[in-house]
Amino acid sequence: MINEGLDIRRWRASLQRSSRVQIDDYLQPAAAERLRLCLEREVPWTLALRDAAGSRTIDHATYTAMPAEAVAQLLASTAMNAPGAAHEGFRFAYDSYMMVSAYKEQRDPGLLLHRVLELFNSPDYLAFLRALTGDPRVRRVNAQATRYAPGHFLRYHTDEDHSEGRLYAYVLNLSRGWVADWGGLLQFIGDDGRVQETFLPRWNTLSMFAVPAGHAVSLVAPWAGEHRLAITGWLLA
């Protein structure tokens with residue numbers, strides 16, 4: 001599944017130098033195409049939200065039955081700050097499929113993403129990740145599939161979570177021909193609030209960065225020509 005021609009030493013050096021990297025041609029072409037097809041046509045998406053009241057998920061059946069106008073209103077209210085709020089807080093809205101919980105609950109038998117999660121936690125793949133990062137602490141990988149449509153976003157946060165043992169975050173990008181002005185950009189933000197670097201979600205790339213790191217995914221524009229498809233998660237100790 002992984003491109004056997006990757007220059008591991010090159011990408012490890014880049015990650016260790018700047019604490020983030022975007023690796024080209026990460027998957028074998030046929031594997032990337034098959035995963036894209038899975039995300040486009042086979043995943044029973046839920047809507048993941050975090051607003052002023054906290055995080056919640058709208059299940060697949062409820063979500064698919066919602067009129068488009070109701071979804072748009074929900075996205076707008078999720079992004080909106082309460083009048084007079086002292087701090088804007090962490091907010092997000094995007095389509096999600098939580099691969100670990102679905103696997104444990106044996107939901108959606110036959111879905112390709114279950115096999116992907118098994119691969120991500122196989123001894124060979126974990127050894128590959130330790131070689132790629134140069135970090136012997138990597139022991140597990142968690143994952144969710146994500147789909148960003150117009151109006152979806154992920155506001156500033158750092159991914160820091162000591163209880164889960166997060167070492168590195170990753171985004172396996174599976175959208176073709178993504179254009180910068182469609183939004184959906186992974187932006188790294190410094191303590192001064194300035195954007196330090198931006199990763200376009202280019203086809204068949206793996207974006208990876210050390211945790212914690214201030215970052216956000218910019219709002220996907222109404223004119224975006226496709227969905228921003230990815231598998232994301234963390235490498236865990």
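Predicted model: local features only at pLDDT ≥ 70, side-chain atom pairs only at ≥ 80, totals over all residues.
**Stop 1: the largest pocket**

Begin by selecting Tyr94, Gln144, Asp159, Thr232 and Trp234. Among the 34 residues that line the largest pocket, these lie nearest its centre. The volume of this pocket is about 720 Å³.

Now colour the elements around the pocket. Those that give two or more residues to its lining include helix H5 (99-104) and the strands S4 (92-98), S6 (144-148), S8 (166-173) and S13 (228-236). Which strand gives the most to the lining? That is S13, with five residues. If you colour the lining by class, you will find 18 nonpolar, nine polar and seven charged residues.

**Stop 2: the largest cavity**

Next, select Phe120, Tyr125, Leu129, Val141, Tyr170, Leu206, Met208 and Leu235, which line the largest cavity. The volume here is about 50 Å³. How many cavities of 30 Å³ or more are there? The count comes to one.

Which elements supply at least two residues each to the lining of this cavity? They are helix H7 (123-133) and strand S11 (205-210). Colour this lining by class too: eight residues are nonpolar, with no polar and no charged ones.

**Stop 3: helices H1 and H7**

To see where they touch, show the side chains of Ile8, Trp11, Arg12, Leu15 and Gln16 on H1, and of Phe128, Ala131, Leu132 and Thr133 on H7. By class, this contact has six nonpolar, two polar and one charged residues.

**Stop 4: helices H2 and H6**

For another pair, select helix H2 (residues 29-41) and helix H6 (residues 112-120). Their axes come within 10 Å and cross at roughly 130 degrees. H2 and H6 are therefore oblique to each other. On the H2 side, look for Arg34, Leu35, Cys38 and Leu39; they meet Leu112, Leu113 and Val116 of H6. Six residues of this contact are nonpolar, none is polar and one is charged.

**Stop 5**

Where do the partners sit? Arg36 is in helix H2, while Glu226 is in the loop between S12 and S13, so the pair ties together parts that are 190 residues apart in sequence.

**Stop 6: two backbone details**

Finish by hiding the side chains and looking at the backbone. Most peptide bonds are trans, and most residues other than glycine have a negative phi. With that in mind, visit two places.

Zoom in on the peptide bond from Val211 to Pro212. Is this bond cis or trans? The bond is cis, with omega near 5 degrees. Pro212 belongs to the loop between S11 and S12.

Then move to Asp108, in the loop between H5 and H6.

Notes. Residues numbered from 1 in each chain as written. Heavy atoms only, no water. 1 Å grid on protein atoms, 1.4 Å probe; cavity = no way out; pocket = protein on both sides within 12 Å on 5 of 7 lines; lining within 4 Å. Points joined across faces, edges and corners; volume = space filled by probe spheres on them. Helix = DSSP H or I, 4+ residues; strand = E, 2+ residues; numbered from the N terminus. Nonpolar A, V, L, I, M, F, W, Y, C, P; charged D, E, K, R; others polar. Axes fitted to C-alpha atoms, helices over the stretch in contact; angles between N-to-C directions. Parallel < 35°, antiparallel > 145°, perpendicular 65-115°, else oblique. Contact = heavy atoms within 4.5 Å.
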